[in-house]
Amino acid sequence: MAALINRERRERNKKAKQQRKARIVEAARHAFEHLPFTRVTLDEIGRRAKIRDGLATLYFVSKEGLFLHVLNQELDAWVASVEETLDQEDCATGLAKLVANSLTDRPTLTRMLSLLHVVLEQDLELSLIHI
């Protein structure tokens, strides 16, 4: 019986951790889109995600690592939408229009791409970045 309770508790904890990480990522997405990059901190993201102080650092070692994680998600979603549209249209016509229109619909992605050089100029240790 105790093993069953422990298994259930572990599952609840695992689910709570996944939900907490998702809240951190969404709060970061919003912060990176709407605040100057220099004003975004892991503590600010944690406040926006409504989690305890310092808890965001258990999920992401640095603001830059979290930035790259969110950017990776944004790029994946954008590429998937472009591929879906290309499947529905003739690839030879309107590719530039398709790319421009699809980026217009993704302000978070375009803002993050414009900030990417700032993040990459940091002295990042790649092993610490969770993508």
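Modeller: What follows goes from the core to its aromatic rings and then to one leucine.

This is a predicted model, in which local features need pLDDT of at least 70 and side-chain atom pairs count only at pLDDT 80 or more, while totals for chains, interfaces and linings use all residues. Residues are numbered from 1 along each chain as its sequence is written, and side-chain values use heavy atoms, with hydrogens and water left out.

A nonpolar core here is a set of buried Ala, Val, Leu, Ile, Met, Phe, Trp, Tyr and Cys residues joined through side-chain atoms within 4.5 Å, where buried means under 20% relative accessible area, exposed means over 50%, and partly exposed lies in between (1.4 Å probe, protein chains only). The largest such core has 29 residues, and those touching the most other members are Ile24, Phe32, Ile45, Leu66 and Phe67. Two or more residues each are given to this core by helices H1 (2-34), H2 (42-49), H3 (56-59), H4 (63-88) and H6 (107-120), these being DSSP runs numbered from the N terminus (helices H or I, at least four residues; strands E, at least two). H4 supplies the largest share, seven residues.

Leaving aside neighbours within four places in sequence, Phe67 is in contact with Phe32, Phe37, Met112, Leu115, Leu116 and Val119, contact meaning heavy atoms within 4.5 Å. Rings of Phe, Tyr and Trp (its six-membered ring) pair if their centres lie within 6.5 Å, and planes under 30 degrees apart count as stacked, over 60 as edge-to-face and the rest as tilted; by this rule there are three aromatic pairs. Phe32 and Phe37 are stacked, because their ring centres are 5.9 Å apart and their planes stand at 25°. Phe37 and Phe67, by contrast, are edge-to-face, at 5.5 Å centre to centre and 85° between the planes. Since Phe37 lies in the loop between H1 and H2 and Phe67 in helix H4, this pair ties together parts that are 30 residues apart in sequence. Both Phe37 and Phe67 are buried, as is Phe32, and Phe32, Phe37 and Phe67 form one aromatic cluster.

Turning to the leucine, Leu75 also lies in helix H4, and Leu75 is partly exposed, with a relative accessible area of 28%. Not counting residues up to four places away in sequence, Leu75 touches Leu109 and Leu113; the C-alpha atoms of Leu75 and Leu109 are separated by 7.0 Å, although these residues are 34 apart along the chain.
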